[in-house]
Amino acid sequence: MENEPDGSEAQDAAEARPLAPITCARCGFINPADGAYCSRCSMALTLPAAVEGEKTREHTDQLMSELLADPEAEHERADQGYARRCDDRSV
Ligand SMILES: [Zn+2]
(Lines give C-alpha, C1' and ligand atoms only; values in the text may rest on other atoms or scores of the structure.)
Protein backbone atom coordinates (compact mmCIF):
# COMPACT_ATOMS: atom_id res chain seq x y z
CA MET A 1 0.00 0.00 0.00
CA GLU A 2 1.50 3.30 -1.03
CA ASN A 3 1.07 6.42 0.98
CA GLU A 4 1.33 9.35 -1.38
CA PRO A 5 1.53 12.65 0.42
CA ASP A 6 -1.12 14.99 -0.92
CA GLY A 7 0.53 18.01 0.66
CA SER A 8 3.58 18.14 -1.58
CA GLU A 9 1.56 18.66 -4.73
CA ALA A 10 -0.50 21.42 -3.14
CA GLN A 11 2.69 23.14 -2.01
CA ASP A 12 4.12 23.03 -5.53
CA ALA A 13 0.98 24.64 -6.87
CA ALA A 14 1.15 27.38 -4.28
CA GLU A 15 4.75 28.17 -5.13
CA ALA A 16 4.18 28.24 -8.87
CA ARG A 17 2.65 31.69 -8.86
CA PRO A 18 2.33 33.59 -12.10
CA LEU A 19 5.18 36.09 -12.15
CA ALA A 20 3.44 39.05 -13.65
CA PRO A 21 5.11 42.43 -13.38
CA ILE A 22 3.49 44.79 -10.90
CA THR A 23 2.53 48.20 -12.16
CA CYS A 24 2.88 50.87 -9.53
CA ALA A 25 -0.48 52.44 -8.73
CA ARG A 26 1.14 55.75 -7.93
CA CYS A 27 3.65 56.41 -10.69
CA GLY A 28 2.82 53.67 -13.21
CA PHE A 29 6.35 52.24 -13.16
CA ILE A 30 6.39 48.53 -14.08
CA ASN A 31 8.25 46.65 -11.36
CA PRO A 32 9.47 43.03 -11.31
CA ALA A 33 6.94 40.59 -9.87
CA ASP A 34 9.06 39.86 -6.81
CA GLY A 35 9.43 43.51 -5.86
CA ALA A 36 7.57 44.55 -2.75
CA TYR A 37 8.20 48.24 -3.33
CA CYS A 38 8.19 50.41 -6.43
CA SER A 39 11.71 50.88 -7.82
CA ARG A 40 10.93 54.46 -8.80
CA CYS A 41 8.80 55.95 -6.00
CA SER A 42 9.24 53.20 -3.38
CA MET A 43 5.51 52.85 -2.84
CA ALA A 44 4.43 49.51 -1.36
CA LEU A 45 3.31 47.24 -4.21
CA THR A 46 2.01 44.33 -2.15
CA LEU A 47 -0.41 44.29 0.74
CA PRO A 48 2.13 42.80 3.20
CA ALA A 49 4.62 45.49 2.23
CA ALA A 50 1.98 48.19 2.67
CA VAL A 51 1.02 46.84 6.08
CA GLU A 52 4.68 46.61 7.06
CA GLY A 53 5.29 50.17 5.93
CA GLU A 54 2.29 51.36 7.91
CA LYS A 55 3.56 49.53 10.99
CA THR A 56 7.02 51.02 10.60
CA ARG A 57 5.56 54.50 10.30
CA GLU A 58 3.40 53.94 13.39
CA HIS A 59 6.43 52.65 15.27
CA THR A 60 8.47 55.66 14.18
CA ASP A 61 5.69 58.00 15.27
CA GLN A 62 5.59 56.27 18.62
CA LEU A 63 9.35 56.55 18.99
CA MET A 64 9.23 60.20 18.03
CA SER A 65 6.49 61.03 20.53
CA GLU A 66 8.39 59.12 23.20
CA LEU A 67 11.54 61.05 22.37
CA LEU A 68 9.62 64.32 22.42
CA ALA A 69 7.70 63.46 25.57
CA ASP A 70 10.68 62.33 27.59
CA PRO A 71 12.68 65.58 27.76
CA GLU A 72 9.46 67.43 28.52
CA ALA A 73 8.74 65.15 31.47
CA GLU A 74 12.31 65.73 32.58
CA HIS A 75 11.76 69.48 32.28
CA GLU A 76 8.57 69.36 34.33
CA ARG A 77 10.28 67.39 37.05
CA ALA A 78 13.18 69.86 37.08
CA ASP A 79 10.78 72.81 37.12
CA GLN A 80 8.89 71.36 40.05
CA GLY A 81 12.11 70.83 41.95
CA TYR A 82 13.23 74.36 41.14
CA ALA A 83 9.87 75.82 42.17
CA ARG A 84 10.02 73.94 45.44
CA ARG A 85 13.51 75.21 46.10
CA CYS A 86 12.34 78.76 45.39
CA ASP A 87 9.42 78.28 47.76
CA ASP A 88 11.78 77.05 50.46
CA ARG A 89 13.97 80.08 49.97
CA SER A 90 11.09 82.59 49.99
CA VAL A 91 9.50 81.15 53.15
ZN1 LIG B 1 5.91 54.01 -8.17
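Y37 touches S42, M43, A44, L45 and A49, leaving aside residues up to four places away in sequence; touching here means being in contact, with the C-beta atoms, placed from the backbone, within 7 Å. This is a predicted model, where local features need pLDDT of at least 70, side-chain atom pairs count only at pLDDT 80 or more, and totals for chains, interfaces and linings use all residues. Residues are numbered from 1 along each chain as its sequence is written.

**Around Y37**

- You'll find Y37 in the loop between strand 2 (30-31) and helix 2 (47-90).
- Y37 is partly exposed because 18 other C-beta atoms lie within 10 Å; the cut-offs are 20 or more such atoms for buried, 12 or fewer for exposed, and anything in between for partly exposed, with C-beta atoms placed from the backbone.
- From Y37 to I22 it's 15 residues in sequence, and 9.6 Å in space, C-alpha to C-alpha.

- S42 sits in the loop between strand 2 and helix 2.
- S42 counts as exposed, because it has 12 C-beta neighbours inside 10 Å.
- The backbone of S42 has a phi near 55°, a positive value in a residue other than glycine.
- A44 also belongs to the loop between strand 2 and helix 2.
- A44 has 18 C-beta neighbours inside 10 Å, so it counts as partly exposed.
- Setting aside residues up to four places away in sequence, A44 touches A36, Y37, A49, A50 and G53.
- A44 and E54 are ten residues apart along the chain, and their C-alpha atoms are separated by 9.7 Å.

**R40**

- R40 has its place in the loop between strand 2 and helix 2.
- R40 counts as partly exposed because it has 13 C-beta neighbours inside 10 Å.
- The residues that R40 touches are C24, C27 and F29, not counting those up to four places away in sequence.
- F29 is eleven residues from R40 in sequence, and the two are 6.7 Å apart in space, C-alpha to C-alpha.

**The chain as a whole**

- The chain has two helices and two strands; these are DSSP runs numbered from the N terminus, with helices being H or I over at least four residues and strands being E over at least two.
- Go along the sequence and the pattern reads α-β-β-α.
- Of the 91 residues in the chain, buried ones make up 2%.
- Take the contacts between residues at least 6 apart in sequence: 0% of them join residues at least 24 apart.

- The average pLDDT (the predictor's confidence in each residue, from 0 to 100) is 77 for the chain, and 59% of the residues score at least 70.
- Confidence is lowest in helix 1 (residues 6-15), with a mean of 54, and highest in strand 2, at 96.

Methods: Two residues are in contact if their C-beta atoms, placed from the backbone, lie within 7 Å.
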